[in-house]
Amino acid sequence: FGRNLASSMEEVKFTPEIEVALFRAMQDHKPVGVSKHWHMVCIHQRMIAQGFVSISTRVIWNHLQKLYDLVSLDELENDALPSDQQDFELPPHFYEQGDSEDVLATRKRGRVSNSPSPSVSPHRTSKRKRTQ
């Protein structure tokens, strides 16, 4: 019985009505990347909510594979994730020991000595007028 049910489910003809329902179900979910299976569950639940109870996730996957190159989209989505993780390291100037009064004075002014970022003079004023 289960095998006949599965084969009958595989033969769903996607009418324009079903296509529109599928695209509505996919509105906030893309079935690619790390969370593709979670998104497919959400898409399937939305299809059921729209009254298409007999369509399985397998049928949806197969239909989307006919419409899109899901393998390439999945690779593209996964390539966007950072793959080479590095340990966090503090900048070298953080470890430099100096006169404690010097370090405190520099920090109070909002600057760190030997910082790679440019320092801003506290005496410099903006030339733009403020609008209210």
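**The overall picture**

Please keep in mind as you read that this is a predicted model. The protein chain has six helices and zero strands, so the order of elements from the N terminus on reads α-α-α-α-α-α. Of the 132 residues in the protein chain, 22% are buried. The accessible surface of the chain comes to about 11400 Å², and carbon and sulfur atoms account for 52% of that area. Contacts across the sequence are worth a look too: among those between residues at least 6 apart in sequence, 52% join residues at least 24 apart.

**The nonpolar core**

Let us start inside. The largest nonpolar core has 17 residues, and the members that touch the most other members are L22, I43, M47, I55, I60 and L64. The elements giving two or more residues to this core are α2 (16-25), α3 and α4.

I55 sits in the loop between α3 (36-49) and α4 (57-67). Is I55 buried or exposed? Its relative accessibility is 2%, so I55 counts as buried. Although I55 and V12 are 43 residues apart in sequence, their C-alpha atoms are 7.3 Å apart in space. The other residue is L64: leaving aside neighbours within four places in sequence, L64 is in contact with L22, M26, P31, M40 and L70.

**Helix α2, one face in and one face out**

Helix α2 contributes to the core, and its residues divide by side. The buried residues of α2 are I18, E19, A21, L22 and A25. Seen down the helix axis, they fall within an arc of 165°, which means that they line one face of α2. What covers the buried residues of α2 includes α3 and α4.

A25 and A49 are 24 residues apart in sequence, with their C-alpha atoms 9.4 Å apart in space. A49 is found in helix α3, and at 70% relative accessibility A49 counts as exposed.

| Pair | N to O distance |
|---|---|
| R46 and D28 | 3.4 Å |
| K30 and E77 | 3.1 Å |
| K36 and D74 | 2.9 Å |

Take R46 and D28, which form a salt bridge. This pair links distant parts of the chain, with R46 in helix α3 and D28 in the loop between α2 and α3, 18 residues apart. R46 is partly exposed at 28% relative accessibility, whereas D28, at 56%, counts as exposed.

The side chains of K30 and E77 also meet in a salt bridge. Because K30 lies in the loop between α2 and α3 and E77 in helix α5, this pair ties together parts that are 47 residues apart in sequence. K30 counts as partly exposed at 46% relative accessibility, and E77 counts as partly exposed at 28%.

K36 and D74 make up another of the pairs. Here K36 in helix α3 is linked with D74 in helix α5, and the two are 38 residues apart. K36 is partly exposed, with a relative accessible area of 22%. D74 has a relative accessibility of 13%; buried means under 20%, so D74 counts as buried.

F23, L67, Y68, L73 and L76 make a nonpolar surface patch of about 450 Å². One of these residues, Y68, is found in the loop between α4 and α5 (70-79). Y68 has a relative accessible area of 36% and is therefore partly exposed.

Terms used: Residues are numbered from 1 along each chain as its sequence is written. This is a predicted model: local features need pLDDT of at least 70, side-chain atom pairs count only at pLDDT 80 or more; totals for chains, interfaces and linings use all residues. Side-chain values use heavy atoms; hydrogens and water are left out. Helices (H or I, at least four residues) and strands (E, at least two) are DSSP runs, numbered from the N terminus. Buried means under 20% relative accessible area, exposed over 50%, partly exposed in between (1.4 Å probe, protein chains only). A nonpolar core is a set of buried Ala, Val, Leu, Ile, Met, Phe, Trp, Tyr and Cys residues joined through side-chain atoms within 4.5 Å. Contact means heavy atoms within 4.5 Å. Patches are made of residues with over 30% relative accessible area and no salt bridge: like charges are joined within 9 Å, nonpolar side chains (Val, Leu, Ile, Met, Phe, Trp, Tyr) within 5 Å. Accessible areas come from the Shrake-Rupley method with a 1.4 Å probe; for residues, only the protein chains shown count as cover. A salt bridge is a side-chain nitrogen of Lys or Arg within 4 Å of a carboxyl oxygen of Asp or Glu. The arc is that of the directions from the helix axis to the C-beta atoms.
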